[in-house]
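My notebook is open and I have a few things to look up. Let me bring up the structure and go through them one by one.

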Amino acid sequence: MHTLLPFFLAMIVVIVFLNMLAKKLRIAYPILLVVGGLAISFIPGLPILKINPDLIFFIFLPPLLCEAAWGASFKEMKKWWRIITSFAFLVVFFTALSVALVANYYIPGFSIALGFLLGGIVSPPDAVSTGAITKFVKIPRSTTAILEGESLLNDASSLIIFRFALVAVGTGQFIWQEAAVSFLWMVFGGAGIGLLLGWIFIQIHKRLPTDAPSDIVFTLISPYFMYWVAEEAHSSGVLAVVAGGLLMSVKRLTFLNSTSRIKGYSVWESFVFILNGIVFLIIGLDLPEIVSGIRSQGIPLSTAIGYGIIVTIVLISARMISSYAALIATMIFRRKNLPHASSAKRRWFMPLLLGWTGMRGVVSLAAALAIPVKLDNGMPFPQRDLILFITFIAILLTLLVQGLTLPFIINKTGFFDGIFSEEDEEVTRKKMKQGLKRHVHQFLKEKYESDLIGLAGMDKFLKQWEERAKSMEEDTWMNDKTKLIFIELIERQREYLSELNNDPTIDEEIIRQHLYQLDLEEERLRII
């Protein structure tokens, strides 16, 4: 333990420095972490990093999925639910099937069951990689929402395929009737368990005298508990975490106060950054052991690399075909849902770019590492090292090729320009803030105008809010004698923003940003 502790501390330091370098170079940090881990792995004398396959899902996936659920826009997910669900389930299955057939045909000793196992591992695009890469480009919020929503659900669907394939490889049989019933229970049972446990955690926050540290601890515990309970019930732990996380995200204003939300945001941001960094670094660090494994099986390295390239091409092609199929289906059945484009050419290029966003990462690595070393009968798991190597090649190629070229393609081609007729964010912010000022001024007039007459400073207070309502300029005026009223006004603004969230033309991310500003303002008031 004492020999490994410095190594893990050094890993965290490397993650932080590589993230700084990535920002300096304007490169998505997952790309640099994978390359950095690969370079570090060649340093002689480093300890071999081994992770228990039974724990890999439980350690990394629940918090990463929960954080993604809290950050996703449920309103946008509802708006684009058709394309999100089709990409999350149909496209994942199509990709896994394509990989299974190609692997069975090209790779000696690869059965259809092993092919589906590999397909389930490499089929889900990685939300972290896509999010980190798209930060450097300007894309429509609706496109971001589709990618976020897809990444939440496709992890669950791919891992369901992975689990069924794992059983088929271990037992040598696959019963469709039992699989169909099991699939339904995993999907609906997992979502139901997540919603129930999410509601229970909300009640715990509401009814117990919690403070900010205990609130944060409960939010850290909740995804692990949801995942564990769902897995014990033989349903989908991933869907449980996603469903419960979305419920708690939507209800966050009702059970967390401003202090818990502000401090929790910082804790979660750092925690998830470290988890993601460790996983992407492990991807690079694990390669030498994987290479030695395939060599021990007598598979030449060049041959294994060729298999990885073939599978990667299948992944990209399947996503491209699916993107164009989705566009054609929309044109035939739901033309009113077609994205607005300045030209037909740009509309037909949009699926190409959506198809190019399929970088692989955390979930694929976690699934590959979770393959047991031995079967129940004690025999070595067939092709385990080759599956790990192909997964690594798919992650590395999609991150390097797609990840490095995606910002360049979007910036240089301008294909996203004019695709969606969305209101400019700055105009939306100004409209929202102006509406808030009018709302607060009207509330003061209705509730406090008669009470404030004759009180020193209160008339000035009311008039100043009237001026703020009329003015389009930003201001930071604060009166410490009216702190309680100000806190009440902040709560009224939250209510207004919650109602405003029902407006489909307002981006939920803008509303969340202003809610965060209100939390900061309330915290500043509380320490006056």
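I started with Asn154, which I found in helix α8 (residues 141–171); helices here are DSSP runs of H or I with at least four residues, numbered from the N terminus. This is a predicted model, in which local features need pLDDT of at least 70, side-chain atom pairs count only at pLDDT 80 or more, and totals for chains, interfaces and linings use all residues. Residues are numbered from 1 along each chain as its sequence is written, and side-chain values use heavy atoms, leaving out hydrogens and water.

Is Asn154 buried or exposed? I noted that Asn154 is buried, with a relative accessible area of 0% (buried means under 20%, exposed over 50%, partly exposed in between, using a 1.4 Å probe and protein chains only). Leaving aside neighbours within four places in sequence, Asn154 is in contact with Ala88, Val92, Pro124 and Pro125 (contact means heavy atoms within 4.5 Å).

Next I looked up a pair of helices. Helix α13 (residues 258–285) and helix α17 (residues 362–369) pack at about 65 degrees, and their axes are 10 Å apart. Axes are lines fitted to C-alpha atoms, for helices over the stretch in contact, and angles run from 0 to 180 degrees between N-to-C directions. I then listed who meets whom: Asn276, Val279, Phe280, Ile282 and Ile283 in α13 meet Val362, Leu365 and Leu369 in α17.

My last stop was Trp228, which lies in helix α10. Trp228 is partly exposed, with a relative accessible area of 45%.

Methods: Helices (H or I, at least four residues) and strands (E, at least two) are DSSP runs, numbered from the N terminus.
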